[in-house]
Structures are given as structure tokens and as C-alpha cells.
Amino acid sequence: MKILKIVSTIVVASFLTLSFSAVSAVAHADEKHDGIELKDAWARARTASAKVGGAYVTVHNMSKEDDRLIGAKSTVAHKTEIHTTKMTDGVMKMMPVTGGIEVKAGKMVMMKPGSYHIMFMGLKEPITKGKTFPVTLVFEKAGEIETTVTVKDAGAMGGMDHGKMKKTN
Amino acid sequence: MNKVFAYTVALFVVIGVTVAALVLTGIIPSASNSGRSGIIVGAPQIGGEFTATNNKGKAVSDKDFQGKMMLVFFGYTFCPDVCPTEMQTFSQVMSELGDDAASVTPVFITIDPARDTVPVIDEFVQAFHPSIVGLTGTNDQIDQIKKAYRAYGQQVEGDDSEYYLVDHTSFTYLMGTDGKLITVFSYGTTPEEITKTIKEQI
């Protein structure tokens, strides 16, 4: 009987711990942190065998000091970097951002297709539509801030989805 | 107006690729090349013969695509930003064309055949639209297509042998039923604009 009581105590305790972590994880997402707010983090669904992927986040610097996004971390890939896409004479070049991205005080930097993106290299798990996963952005002054990425369609364009722009009249 | 723009863009492709080729090889066209047609300014010769393997593993050539227009984009499946955007454009064009979709074959040609094997490219194109044909092949086959289309694709040198990046031409080519170039769209042309241009050709 005593064993049964111990077991049930353990079960209840683990359940409480789990629910607490879940709640704290949710509260952590999109949290304002030292004046930097991360919003609308999203990624495009990638095929099951894909080894790379990208995500986009809007960074709002609500503090009175300029800051700089200097890196990114994630558990979905072996390597996570901030990249940008540039077009020169009709040739598309993708490259790691050197020296970080400046986010001036009171300003917003919106990562979007064809521009800044978070690059996941060596995916450890597939990025499938509807999935969510955490990503951490590293700032020079504000430090590390975590947000939750939501996976959209393979060809999603973020807030500018052509599919959602269909005229209603 | 549209044609003027297209030719201007095409001209830039030609100039860009020529410069890139010169820089890469360090060779200035020699006298032995002068007898060949080369590049004619104002009337770029884009398109022509090629062989490749499609996303179903079948050997194909340019002949298999004749009789329909072709919407061609060069890219690689490891590209997470630009290539999915253009494939989404292709997918929307095919949807917006409605019944006219039967007169166009959208084609995604990899410039990274080493990583874009048949199953990889098949999975990639299927994620966007069932009608998109993915083409891969040997390095020689891909080089031949790039040459025919004056397309550029160059692996970025770095220490990463697995997750390397590839610079590539960002244009979309609209080819006629005879395999000859109709027009070139620059990156970012809306699906509506491409659809309109295709409909004008039907």
C-alpha cells in the first residue's frame, strides 16, 4: 500500500512539474526582454529529407539604446546562423551576416523572404507545417531572447501571403 | 514596354554571365572562338538542346518539352529563401492560369546536382505544385543547360562541404512551344504579371 502511495505521489509531482514547464514555456514566448521584443516568428515547411531551413522574426527594439543582433541558436539544427540574401547583376547570393544586424532604438527590423533570415543548417528534425519550435536570438546588449517559431506552408510569404491577398469584392 | 524590359534583363544576363565566365576562367575569348556565333547583343540566344533526368528518374531532353511553353527557374533545394519564393510563384501562376495551365510546363532546374538527387528534387517540387518538373543530372548535363540558358550557378567556397551555399541566376525564363525564348522575368515579378504574359501567348 505504501508503494502505491509513493508511486501516486511521484505521478502527481511529475504531472505538476510538466504542466509548470509548459506554462512557463508559453509565458516565455514573445516575451519583452530588456526592451527587445520578438514578434511573428515563422518558418516555411521543408520536405522530410531537407537538411536546411530558414525562419523569419520581427525584432522590435523598444528600449532607448541601439542594439545589435549578433547570433542565433536553435535545437532543430546543428548550426544556426543569421543570413541575408543579396542580388547582384541578377545573381542571387546568400551569405552569413557579418558584424550583426543593427536594431536602432525604437525601430523594428523585419526579417523576410529575399532578405534577412535565420538559417538552420543540418536539421535534426523535420520542419513540418503546423509545428512550433523555439529559437534564441542573441543581442549585443539585451543578451539571449527566446521566441517560438510557427511553421507555415512551404511557399508562405509571411504577412504578405499572396494566397491571402485574394480580393473579396 | 514589357518586351523592352525583358530584353534589357536578358542583356544583363548575358553580360553578367560573360563577365562571370571571364573572371572564373581568366580566359579572354581567343581568335579560335571568333568564328562561332557567340553572343549577339540585342537578340540573346537563350535555350537550346539539353538532356537531364526528371524528378521521376526518367531521362529527358529539350524535345520532350516542345509543344508547350516552359517556365524555367534555376535553383537548388538546399536554398531556404529565394527558391521556395519562386516555386510559390510558379504554383500560383499554375493555379491562376486555370484551363490554360495545360499549355505551360513549369520547370525547376538544379544548379546543385550533387545534393539534388532525383528523390530530393521530387520531394521539393511536389511541396509546391504537382505540375512542376524538377530536372537534375550529371555535372556535364547541368553545365550544358546552364550554358544554353546563359544561367549562372556557382558554389560558394567555404569550409562547409555539406551545407555549402550556391550563388545562382535569379531570373525566370518563359520559353515558347518551339523552345525559343519569349521573355525573361526578373526575381520578384508577381504571379499575376507572369500569368498575364503567358495568357498573351496563347
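In chain B of this predicted model, residues T89(B), Q92(B), V93(B), E96(B) and L97(B) of helix α2(B) meet P191(B), I194(B), T195(B) and I198(B) of helix α5(B). Sorted by class, this contact comprises five nonpolar, three polar and one charged residues. Chain B is also in contact with chain A: 28 residues of chain A and 29 residues of chain B take part.

**The helix pair in chain B**

- Helix α2(B) covers residues 82-97, and helix α5(B) covers residues 191-201.
- The axes of α2(B) and α5(B) come within 9 Å and cross at roughly 50°.

**The side of chain A that touches chain B**

- Four strands of chain A each supply at least two residues of this side: β2 (52-61), β4 (77-88), β5 (91-96) and β8 (117-123).
- Strand β5(A) gives the largest share, five residues.
- By class, the side of chain A that touches chain B holds 12 nonpolar, 11 polar and five charged residues.

**Strand pairing between the chains**

- Strand β5(A) is joined by two bridges to strand β7 of chain B, residues 166-169.
- The strands β5(A) and β7(B) run antiparallel.
- Which residue of β7(B) is the bridge partner of V91(A)? The partner is T169(B).

How values were computed:
Residues are numbered from 1 along each chain as its sequence is written. Chains are lettered from A and ligands numbered from 1 in the order in which they are written. This is a predicted model: local features need pLDDT of at least 70, side-chain atom pairs count only at pLDDT 80 or more; totals for chains, interfaces and linings use all residues. Two residues are in contact if their C-beta atoms, placed from the backbone, lie within 7 Å. Ala, Val, Leu, Ile, Met, Phe, Trp, Tyr, Cys and Pro count as nonpolar, Asp, Glu, Lys and Arg as charged, and the others, Gly among them, as polar. Two strands pair if DSSP finds at least two bridges between them. Axes are lines fitted to C-alpha atoms, for helices over the stretch in contact, and angles run from 0 to 180 degrees between N-to-C directions.
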